[in-house]
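The following briefing is intended to be read beside the sequence and the 3D view. Please keep both at hand while working through the points.

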Amino acid sequence: MGMKQFEGADEEFNLEQMEAETEQMLRLRYITKANAVFERTKGGFVALDLTDADTKETEHYDRIRVVRSFPFTDRNHYVSIRTIDEKSKEIGMILDMEKDITPETRAMLEEQMDIRYFTPIITKIHSIKDEYGHAYFDVETEQGPCKFVIYMNSSSVVNLSDVRLLITDLDGNRFEIPDFTRLSAKELKMLDLFL
Amino acid sequence: MNLKFKLPKPQQEALGLGERESIRYCSPYDIDFAGHWTKNGYLVVTEERLVVLENEEIVEEIPVAELTYLKCEPLVNNGILVVRRAGEKEDRILLRFSMKHVSRIAFIAKGALLLKEGSAKEVVSRENDKVCPVCGRALHGTSECPKCSGKPSAFRKFISFCGNYKFSLIVIALLMGATSAIQLIIPKVQAVFIDKHLRPEVGTNQQIITYAITMAILYVMIIGAHVSRYYMCMSMGTRISKDLRRQLYYKLQKLSLSFIQDRRPGALMNRITGDTAQIRRFMEDAFAGMFSCIITMVSAVIIMSRMNWKLTILCVAFVPVALGLSIAFRKNIHRRFHMQWHKSDKINSGLQDVLTGIRVVKSFGTEEEEAENFKKLASEFAKVQKRNEVFWAELFPIISFVMGLGIYFVTYFGGIRVLGETMTVGDLTRFVAYAWMLYGPLGWMTFLPRQITQLLTSLERIYDVLDEEPLIKDHTDAVEKEITGAVEFRNVSFGYRSYEPVLEKINLKVKPGEMIGLVGASGTGKSTLINLIMRLYEVDDGQILIDGTDINELKIEKYHSQLGVVLQENFLFAGTIYNNLKFAKPDATEEEIIRAAKMANAHDFIVKTPDGYNTYVGEHGFNLSGGERQRLAIARAILNNPKILILDEATSALDTESEYLIQKALERLTANCTTFAIAHRLSTLKDADRLVVIDGHHIAEIGTHNELMEKQGIYYGLVTAQLQMQALKKEEGEAEPAVG
């Protein structure tokens, strides 16, 4: 399909802009230590100066959002850096958190992601009491002791892999058991109902 | 949802309230910056300051007047409160909390900003906590924890509700007493027969016949009492559930849309059908048997102890053992069968997944993989099922044997007494019969606690709805008023959840008869604006004036009768076309209806249907096309002779001819009433007197088509984009045949 000539120059300009925006959404732009400078802000967030490879222009962002593309299966690759506004547009991606950025930057971004993602790891199960359609958990997590309640249905406990469990409570908090085979026989027996 | 937690003493002292200061909002937060769970952390908002307390110390204190930005940002499974203070340039994290408090703190943030603006309005949350913040008990969709709220319990309300069925209850009680009495008499009759008459030489044929007849009569009486008791219980249960169902339905119709939209429709349907059925089931299964079992058991023990207290003690001693065993057994069974249910659930959803997606499966050629997956699930289920069935078959007889152990002992010791002639054979038989009465219902009784809890849960859910007060109701001094159709928005703010504003500070004055076109990207709040005009929701802030009167001061029914509404998806009730049209005005004459149908260009197609105006539509009814349904909806709106007309995407997704017909119908309709129209296809709005562009919760642009085109703003962008899309489509359409 060829380009269509529209009456009026304004309209044509607009179409070009739209196409440019679509093009930009399609582009996979990688962020590395070569083109980006991250900096901690006083408020506990991270700012970014990014030089575009094509235009050589530097974009500045007061505050960015750091998002994992594969939070469960590949935490250190394809980390998406996005704008903070409602549209949350992608500024670029970090392909490899180990190789592509400096350790300082990595620590900075990891901090942001530690705030973004909150999924306590269950280390010990004290008790699971099931009562009329709900199960009451009393557990020890890496983040401290915790009690929570889940619905007794199949979507509350999800197998992320053969041994890895993700538990969602009534409020929408999530808890992870990285390997349930490492739990004691007693704990396993309590968990039996959900496996 | 509680937005004002009670602050513990030490924290209160640390806070040190000023003389004119009081706590307006207070919420705990539960994660610290290191990402650990924390207790004793509180966020407090007073009239003057926002304070973060940790343990007994103030860690952050910001005067409310200095807040320039305060927002709860939901992250993945937790949230943060971000603040900007006057003079600060950057966002700063103030707090971190789990999902338990995300919406609570979002509400509080909004409340704090309202305080800063000097508004006295207190933010209230319509959402429910999922878990009681005080006792940690899961709440079954009720607004308050039934245990902690201290209100008269649902159970007590239910008992007083049952007062309406006094007569049935008395009859049932009498029948229960009768059944128990006969059951207790039978062993006595048997004992007398065995000891006195069933002896060679002494007994006569006549006596045996008398005995047989007596027994037969007694059993018939028992059966009669049983049947009538169950009949009474069933009919009472059905009546109670019917009455509750009716009350619930009536209440749901009365309640505001926000109450209904905060809950899933399935959950509400469940309350009307499921929870009331639960009550009926309880009345039938448990209530009927419960009391007579208890009466029989207690009387049996009394009679037994009067016959022989030593044997009675022996007998009763085994009751706790049998009870404990039965409970343990039941728990185990429950666990096992729950697991089986869980697996079958998995199979079902797996099957549903594949069958609904069969086109995708086939087009990607993954039938083999899917079959393999299903086989895995099915064999897992089969394994669990087999294990459970075997367990049941093996263990159940053993358990029944153990449960009856006490009786074997009684038989042994009683037998010795019979041989020693301190007890007659008849008495032993009688004693054993009573012992069975004691043990028999034990297994059944262990189900009772579960049934009672289920009943209580259902009652709580039912009374949660019945106790709810409609948010939107007529004010005491509401007036009935004929309106002319002048609408004014004054500083109106609204959000379905008050922490997520959809519209903010809307100001708009509409003259009677004016047509307003609402324009904006989807999700910007056009439909919300219309919902507010329809008064389906109450504004959070500001005022909507109809003819200069606050919309809240108008009698709702009268106001609604002067509105006409045509939506994108128009709902037709199951019924005839005639009834569907009359829905808007029940006393409409046939002529009025035909006039309205003609105005809406609907009369012709209606008459062409086989049964004319009596054609049955709705589910399983006559199939109307989208355009026809739309025209019926317009006729329905016209019939009302509305002063304010609302058109929400009334002409989208229609073919050109029906759109033309509908456009014509609408032109007639909009001529003499105030109209608010939403349309994606901007050409539809070409007749609008003014266009209102909504963007970012605000009115971004306002003016006539020409004015806005000159301005080259958002509207201009939308129009040119649509023109280009049309041009592209047209071009593609032209290109295709050329290629072929």
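Helices (H or I, at least four residues) and strands (E, at least two) are DSSP runs, numbered from the N terminus. The expected span of a helix is 1.5 Å times one less than its number of residues. This is a predicted model, in which local features need pLDDT of at least 70, side-chain atom pairs count only at pLDDT 80 or more, and totals for chains, interfaces and linings use all residues. Residues are numbered from 1 along each chain as its sequence is written, while chains are lettered from A and ligands numbered from 1 in the order in which they are written.

**A helix of chain B**
- Helix α8 (residues 309-356) of chain B contains 48 residues and spans 68 Å from its first C-alpha to its last, close to the expected 70 Å.
- A residue is buried if 20 or more other C-beta atoms, placed from the backbone, lie within 10 Å of its own, exposed if 12 or fewer, and partly exposed in between.
- The buried residues of α8(B) include B:Leu311, B:Cys315 and B:Phe318.

- Chain A has three helices and twelve strands, and buried residues make up 19% of its 195 residues.
- Two residues are in contact if their C-beta atoms, placed from the backbone, lie within 7 Å.
- The contact between the chains takes 33 residues from chain A and 35 residues from chain B.
- On the side of chain A that touches chain B, α1 (9-26), α2 (103-116) and β9 (144-151) of chain A each supply at least two residues, and β9(A) gives the most, with four residues.

**A sheet of chain B**
- Two strands pair if DSSP finds at least two bridges between them.
- An open sheet of six strands with mixed pairing runs in the order β13-β16-β17-β10-β18-β19 (chain B).
- Its edge strands, each pairing on one side only, are β13 (563-566) and β19 (698-703) of chain B.
- Strands β16 (residues 644-648) and β17 (residues 674-678) of chain B pair in the parallel sense over five bridges; B:Leu645 has B:Thr675 in β17(B) as its bridge partner.

**One loop residue**
- B:Glu48 lies in the loop between β2 (37-46) and β3 (49-54) of chain B.
- B:Glu48 counts as partly exposed because it has 17 C-beta neighbours inside 10 Å.
- Leaving aside neighbours within four places in sequence, B:Glu48 is in contact with B:Gly18, B:Glu21, B:Pro63 and B:Val64.
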